[in-house]
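Student: I am new to this structure. Please show me how to read it, one feature at a time.

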Amino acid sequence: MPKESVQELAASLHPLERKALPFVVQKTPFADIVRKSGLKDVEAMRALQWLQNKGLVQIYQDIEEFVVLGVLGQKYKKEKLPERKFLDVFEKDKKLLLKYLSSNAGLDANETNTVMGKLKQANVINISKEQIGIIVELTDFGKSFLKKKLPAESFLENSFPLLVTSLNREEKEILQSLQKRKDIVGVELAKQVSASILPLGRQVVESSAMKTEVIDALTPQVLRTGDWQKKNFRKYDVTVNVPKIFAGKHQHYRKFLDGIREKFMSLGFMEMTGPIVETDFWDMDALFMPQFHSARDIHDAYFVKEPKKGKLDEKFVKAVKKVHEQGWKYDFNAEQTKRLLLRTQGTACSARMLASPDIRIPGKYFGITRCFRKDVIDATHLADFHQTEGIIVEEGLTLRHLFGLLQMFAKEFAGAEEIKLVPGYFPFTEPSVELYAKHPQLGWVELGGAGIFRSEVVAPLLGRDVSVIAWGIGIDRIGMFRLGLSDVRDLFSRNLNTLRNAKVV
Amino acid sequence: MPVITFSKKDFESLVGRKLSINDLKDLLDYAKAELEVQEGDNISVKYNDTNQPYLWCPEGLAILFKGLLGKETGIPKLALSSSGGQIVVDRSVKKVRPFIAGFVAKGPPLSDYLIKLLIQLQEKLADSFGRHRDNIAIGVYPADKINFSVAYKTVKPDSLKFLPLDAERELSLAQILEQHPKGKEYSWILAKEKEYPILVDAKNQVLSFPPIINSQTTGRLSVGDKNIFFEATGKSSSGVDLCAVIVAYALSMRGYTIHPVTVKDEKTKTTPLLALEQWKLNKVLIQKRLGLELSEKEIGNHLTRFRYEYDGKNVKIPPYRQDIMHEYDIIEDIGIAYGYNNITPLKIHTHTRGAALPEIQMINSLRDLCVGLGCQEVFSQILSDPNLMWDKMGLKKQSMIEIENFTSATYSCVRTLILPILLSMLSQNRQAEAPYKVFEEGLVTLREGTDYHDEHHLAIVSSHATANFTEIRQIVEYLLDRLGISYTIKPEEHSSFISGRCAAAFVGNKKVAFFGEIHPAVLQNFNIDLPTVGMEMNLSLILA
């Protein structure tokens, strides 16, 4: 690799990598790297993995024999070997009675026997039997160990677990002799992590960039001292992935509906609303849907358990009853009209608006309302959904104005240039029309229905017959298109990941 | 929405013209119907208008299409002939199923296909227009097996036995309701009655037990039959009359002559009723509604193509149409015949001021603040489950708006709080990364006795290893401070929260919010294993 690239590579090393790399030689055990670099285990492991990814080192994982300390071995390492305790007693006298020796060294009979055997074998002591008892005497060779360590002591000073292959012949002999004693050392198989430096790694280690100090994080300290003027910044790998974050966010469909509201306002529409719990009267009767008629079957309503009936203004009930009986030729049931249900259509709000003393003529009104119908819930049906509907109240509006309005809606709300208007049927409008828009992928898609309110709807509520253009848009469906969803339930998703990741339109 | 199926080839011979699929689709628009499926020669048509049942058979559709295509205009002629017999109505039916209409049709031998079409029409009329036979039920019979006159009366459920269609032995009327599949399906219509309606002929043979089933002996049409007896019984006088007219026209299109039947009732009538209703048409109204300036000739042309008749002043309505209640209904048909594609749209230029509901501004400001607090907004269904609202929250059930005819307990009430909805959502999201901070603004409905009202609420839930009272109180104070409202915080006892770690915010004496650390027992109910705090704020109360 060219020198500049090596320099570049060296300059971009993470501080952990910089600390670990110089200590990697040939199959250097992981423990050595940790010890020499002063890094923590996890830090050293991360550093080695990064270095390996960059082609600077090779990590090995071998199954090896390790010397491990037994219970006594750990104890002796911390305290003293019995041999040492034995020798310590010789500090003053070079020739001692065994009885005196073992009691002063604090060893039991077993330990005393082992220690005597070992020391005799190593020519550290001489044993002689005299009248007063067994006499133990240090040899000249043995005297030298009063000042220096016994081989077994040196051995225990190693850090364990200790790789067996790293031992020299002498150490191996010591190991064998210690293995013969109970609970001092053992040999076990374990995974050995080691690392070797690769040629590129060697180049990096030798490069001058490794020798100059770099600034890792820009800290207030660095800014205060002006250190940055003398040193280089470590280069980051800016292409590396970073963890994703989630911030606070508006719900995707609610946000879409906010936009719809803004749009209506900008088009001069005032927002209207109504109660979730409605009477038969406002939900259907005021809209000239006869109480017996099959047209009601499609409005499969949820009825309220308690209370069963709501309160109504008799003035409106009387006027509506009259047009029903004239038009549909049946006896209007003034009790059934009070029945409570959950609003099945947003048009109920339009009926309430017409009857409101606040209505302005000319006036444009819209509502974004929750509606409820008894339905089996699946990818295309909800029992609890939205309707966007509204009215324009103005003398002299005709079907041509309605068409103009629908053309504008299709463009504003669905981005559709090409529309199709087809005769429709709603009990409360005459004429009625259905609006279709051309979707680039799906072809003709139904956007909603519209019409001119029948006089039987307008006159009883408003007190006179004025042209009222009424329309309803299946806003949930348009929302699905705009948000790229194929399941209507996703508009109201309860999956936090979906909500966090949802596209904002 | 009724759907009917028929043969395209047969339909083309009725219309007298070949029709491409696109022709069909275009023409169906005029009938407020759409092509549902096409499989080979079979096509299915779905109707969006439930108010023009004459179109629910290929013959009725052909009448309209012939007009629109200009092949035959004005009110279609019905081949009428001598009387077919009489039906004598006994007063006993007045309390149960008061009305009947009928006729006899004579013509070519019935084919298998025609029998199928006739049954299809009979079913659609009784089901969609007749409200599942309650309002109208229809029977068709081989007329040769019937000895006129026919009696329409009621009898006691156990007083009479006959062999119903698809049964192996004679059954009493009561047994039919208990044992026969059709009896079980429709017995609800007669549930309150002490006597049941019956049709018998002059030789006392049972024809049928309306609205349940025909007799196997006299009430089954077979291929080759040339003479048909039709009757419709029901609770709507105009309904049974209309069905007789619709079926008479359908059979007339097939080359049958119609022999009217005299119905001897309190007032005697002859059905099918073919008297033409007449409306005076105000031309100014056409301009007012459609925005079109049409000459008298054009008006006449459009009306006759739609099978009306027009003399420059008055419009005659074909007898199979009962949906004309106002001049506007006729005017709509003029517009449809003119063609919606031919109508030039006009812009509405009147200036009006747009505005959102007064509460929207505050609602949206609060929602923005919640996002600023790092919360994910949630938008849920308003329908909920009482068990979630009360039991899981450790609360005693209180009055609320519950649904009587719910389909699933999950959607059996209107929510009274939003907090439980957010908690239940967390229990479904253990795979998502913590911290969980969510909020929802929306409507809830509260009830007290017979009073009920909607309120706007805002709820926030924060769930993570170190969630505590301070955090949620800081959130509540932050929101109220930003609204510039002065409030006081007071201790609150609420069994969804840990006692001593729940508080309420008061504006004057109005409790506008409650909040605190959710009780571990509640967390357990929701399978949440992280400390969780929550609050619910009543925005309507703040606005009031």
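Student: At what angle do helix H16 (residues 314–327) of chain A and helix H19 (residues 455–462) of chain A pack?

Tutor: A note before the angle. This is a predicted model, where local features need pLDDT of at least 70, side-chain atom pairs count only at pLDDT 80 or more, and totals for chains, interfaces and linings use all residues. Residues are numbered from 1 along each chain as its sequence is written, while chains are lettered from A and ligands numbered from 1 in the order in which they are written.

Tutor: Helices (H or I, at least four residues) and strands (E, at least two) are DSSP runs, numbered from the N terminus. Axes are lines fitted to C-alpha atoms, for helices over the stretch in contact, and angles run from 0 to 180 degrees between N-to-C directions. Here H16(A) and H19(A) pack at about 155 degrees, and their axes are 9 Å apart. So H16(A) is roughly antiparallel to H19(A) (an angle over 145 degrees).

Student: Which residues meet in H16(A) and H19(A)?

Tutor: Contact means that C-beta atoms, placed from the backbone, lie within 7 Å. From H16(A) come Phe316(A), Ala319(A), Val320(A), Val323(A) and Gly327(A). They meet Glu456(A), Pro460(A) and Leu461(A) of H19(A). By class, this contact has six nonpolar, one polar and one charged residues. Ala, Val, Leu, Ile, Met, Phe, Trp, Tyr, Cys and Pro count as nonpolar, Asp, Glu, Lys and Arg as charged, and the others, Gly among them, as polar.

Student: How many residues of chain B are in contact with chain A?

Tutor: 73 residues of chain B touch 70 residues of chain A. H10(B) gives the most to the chain B side, with five residues. That side has 33 nonpolar, 25 polar and 15 charged residues.

Student: What radius of gyration does chain B have?

Tutor: The radius is taken over C-alpha atoms, and the globule rule is 2.2 Å times the number of residues to the power 0.38. For a compact globule of 544 residues it would be near 24 Å, but chain B has 33 Å. Its C-alpha trace spans about 95 × 65 × 45 Å along the principal axes. Chain B has 16 helices and 27 strands.

Student: Which domains does the assignment give?

Tutor: Domain bounds come from an automatic or database assignment. Chain B gets domain 1 (3–68), domain 2 (85–271), domain 3 (277–339) and domain 4 (360–543). The C-alpha centres of domains 3 and 4 of chain B lie 58 Å apart. Chain A gets domain 1 (3–62 + 190–233), domain 2 (71–186) and domain 3 (253–274 + 347–501). For domain 1 and domain 3 of chain A, 65 Å separate the C-alpha centres.

Terms used. Parallel < 35°, antiparallel > 145°, perpendicular 65-115°, else oblique. Contact = placed C-beta atoms within 7 Å.
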